[in-house]
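Here's a quick tour to follow with the structure open beside you. Take it topic by topic and find each piece as you go.

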There are 2 protein chains.
Amino acid sequence: MVTIYDLSQESGFSPSTVSKALNNYSGVNASTREKILQAAKKIGYTPNANARALKAKFSQNLGVLFYLRNSLDLTHYFFIQVLNEFKRLTESRGYDITLLSKGEDAGAQAFVKHCHMRQLDGVLILGDYTSDLVQELMISDIPCVAIDYAGGLIPGVTSDNYEKTRELVSRLIGMGHERILFLTGEFNFVTEERKRGYADAFREVNKERLPCVEARYYDADLSAEYTEKYYPALKPTAIIYPDDFSATGGVNALRGMGLSIPDDVSVATFDGGVLSRVTSPTLTCVRQNAEGIGRALATKLLAMIENGDDKIEQIVVEAQLQFTESCRRLKV
Amino acid sequence: MVTIYDLSQESGFSPSTVSKALNNYSGVNASTREKILQAAKKIGYTPNANARALKAKFSQNLGVLFYLRNSLDLTHYFFIQVLNEFKRLTESRGYDITLLSKGEDAGAQAFVKHCHMRQLDGVLILGDYTSDLVQELMISDIPCVAIDYAGGLIPGVTSDNYEKTRELVSRLIGMGHERILFLTGEFNFVTEERKRGYADAFREVNKERLPCVEARYYDADLSAEYTEKYYPALKPTAIIYPDDFSATGGVNALRGMGLSIPDDVSVATFDGGVLSRVTSPTLTCVRQNAEGIGRALATKLLAMIENGDDKIEQIVVEAQLQFTESCRRLKV
DNA sequence: AAAATTTATGAAATCGGTTTCTGTTTGGGA
DNA sequence: TCCCAAACAGAAACCGATTTCATAAATTTT
């Protein structure tokens, strides 16, 4: 391995001067710096990030924690899209990304400990925030941001779920739908916001609404099951699913019952990723801006790390209501 | 931060003894080790991975390189599933995962350099292997494994694409299909294997076959476009798509042309992820064993790192042929 | 009981950087 | 021409671990 000492030899300057030159510190003559840079190129110098982190106290390395039920994990398509954009932005700023683990096995260790071990500069949390281990991380000294979080311990980025859900439901009502079945995801901040939007849309026009049914995010089978169970009982004219995958499961169940969409029943969903666009019919949805959310998360986290930004704020990234084939107007 | 020196103080043993105790080296009295472990727990000692890596020359950290076209990246659903399992296994063995970047921006650096910087113990490569930067990594001193690679520079793990494709096509032929349109992914090892299987299935029965059409992996729009273009021209009775996403795009295009599946045209695809199961009709597919592939990659890479395994082999993980609703038997 | 091993512990060097602090030049002003 | 401040370069300490080697204590052998 080529070290800074080799480079010191090659260039004829001391290690300290070399270090300063490489880090663009002041106090190094331009021509000196130039010579050092040349020499570095010549002998193929690669700085050792671990050595640097050890002394300098920051690692240029961010942790990403997927805290979801086991079967899901990295395969959460929406979160992966968010991460993809987060990665793009942070890596353009010189950071690497390390995946934190649930550590379910022998070497289990608390997330905080894991972060300290690697001297991570900050962490992005995606998933479920009720666990003690996650809470512990949030209240630690490590800068954290999270998606869909509003617990007040750290900044969070979310879509405008309440508004867009209310708008979605209002429009459905306007199209003549009154019996709208909302299959929600499991309990969390986002779910509650959406339920609130659903309820308020009905409240606005002073109409009765069906009770919400709690299903699960990203569980196409469960959505199918509940569709088969509740459709006959409640006879909704429209069904709202918690996400694209669940919706697809639901749509199939409906077809299996001999129903066609949107003729017999209208369907809407959340997320609006590629899946909602390639199915047939294309799904009406509240399309979340995954890229925007990823960027907001990255920007905020870097501000916390680099500029000491310590404002615990809620950042809202606008979602987009997308009415497409899967919903139809009922004759009034 | 609590260091090994603090722990040395607390326990009354020297740093060297403490280090040995923590690493389970021989030459430390059992009672001594016990005292040290107790002390460690008491003062909340967390080892510093960077300091350790610096001296010990290995980081317990693996790199993962997604080398795909920009629009795709982490959102490649099949690769993410593979990574998910890879992560599960490697982290149970105490490794962390760091995402390597394409480094398209200012701080651009070759992958090899990036790995050396972080002293990564090994790398998993997913994607396209033709780039110089990737080749450079493969021939470097860093242990690497790759999915769907067969270039001979490093070990590769793949499905038995040739066999399963041939079987798929043979069965379609057996069901009376003769005009089978194969929309392939872009040129690479896997694509060629599948094309070979397709060709051989026809050769076996001495029948003419349609020319393959090169589309792109994970490009639902292009598949839709080609479906609209080639269906009228070639009038196939069955179409094979390169992956679930593309198939979904194709299926929609077919529906848009007023065709129904499988009555007017049968459809099959590769991957067979959750998407192929939740669409309607469910898609006949060559289902790749993402978990198995992830495990094989992890196992091999760890063997290379920990046991010096240097056998450049091709590991084949059996895929599964899954005939479902989207294909029908033609009357003979 | 003395000598030869074996076992347990610690001192000190090292990994590859950064940073503080000191000393030497250099240039500008009087 | 002389003095002082600013600019530049380097020596040495340090970050937190591991590892080699020397030494002391315990155990076995003769």
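How many bridges join strand S3 of chain B to strand S4 of chain B, and do they run parallel or antiparallel? The count is 3 bridges, and strand S3 (residues 122-127) and strand S4 (residues 144-147) run parallel. Keep in mind that this is a predicted model: local features need pLDDT of at least 70, side-chain atom pairs count only at pLDDT 80 or more, and totals for chains, interfaces and linings use all residues. Residues are numbered from 1 along each chain as its sequence is written, while chains are lettered from A and ligands numbered from 1 in the order in which they are written.

**The sheet**

- Helices (H or I, at least four residues) and strands (E, at least two) are DSSP runs, numbered from the N terminus.
- Strands of a sheet pair through backbone hydrogen bonds, either parallel or antiparallel.
- Here, two strands count as paired if DSSP finds at least two bridges between them.
- An open sheet is formed by 12 strands, with mixed pairing, in the order S11(A)-S5(A)-S4(A)-S3(A)-S1(A)-S2(A)-S2(B)-S1(B)-S3(B)-S4(B)-S5(B)-S11(B).
- At the edges sit strand S11 (314-317) of chain A and strand S11 (314-317) of chain B, each pairing on one side only.
- From one strand to the next, the twist averages 25 degrees.
- Back in the opening pair, Leu124(B) stands opposite Val145(B) in S4(B).

**Where chains A and B meet**

- Each chain puts residues into the contact: 45 from chain A and 45 from chain B (two residues are in contact if their C-beta atoms, placed from the backbone, lie within 7 Å).
- On the chain A side, H5(A) gives the most, with 8 residues.
- That side has 18 nonpolar, 19 polar and 8 charged residues (Ala, Val, Leu, Ile, Met, Phe, Trp, Tyr, Cys and Pro count as nonpolar, Asp, Glu, Lys and Arg as charged, and the others, Gly among them, as polar).
- S2(A) and strand S2 (residues 96-100) of chain B run antiparallel, joined by 3 bridges.
- Thr98(A) has Thr98(B) as its bridge partner in S2(B).

**The domains of chain A**

- Chain A is split into domain 1 (4-47), domain 2 (61-159 + 292-317) and domain 3 (161-288), with bounds from an automatic or database domain assignment.
- The centres of domain 2 and domain 3 of chain A, taken over C-alpha atoms, are 29 Å apart.
- Their contact takes 11 residues from domain 2 and 9 residues from domain 3.
- H5(A) supplies the largest share of the domain 2 side, 3 residues.

**Around DNA strand C**

- Of the 27 residues around DNA strand C, Ile4(A), Ser16(A), Ser19(A), Ser14(B) and Ser16(B) come nearest (a residue is near if its C-beta atom, placed from the backbone, lies within 6 Å).
- Helix H2 (15-22) and helix H4 (49-56) of chain A, along with helix H2 (15-22) and helix H4 (49-56) of chain B, each supply at least two residues of this surface.
- By class, the surface near DNA strand C has 12 nonpolar, 11 polar and 4 charged residues.

**Two crossing helices in chain B**

- The axes of helix H8 (residues 161-174) and helix H9 (residues 189-204) of chain B come within 7 Å and cross at roughly 40 degrees (axes are lines fitted to C-alpha atoms, for helices over the stretch in contact, and angles run from 0 to 180 degrees between N-to-C directions).
- The residues of this contact divide into 6 nonpolar, 4 polar and 7 charged.
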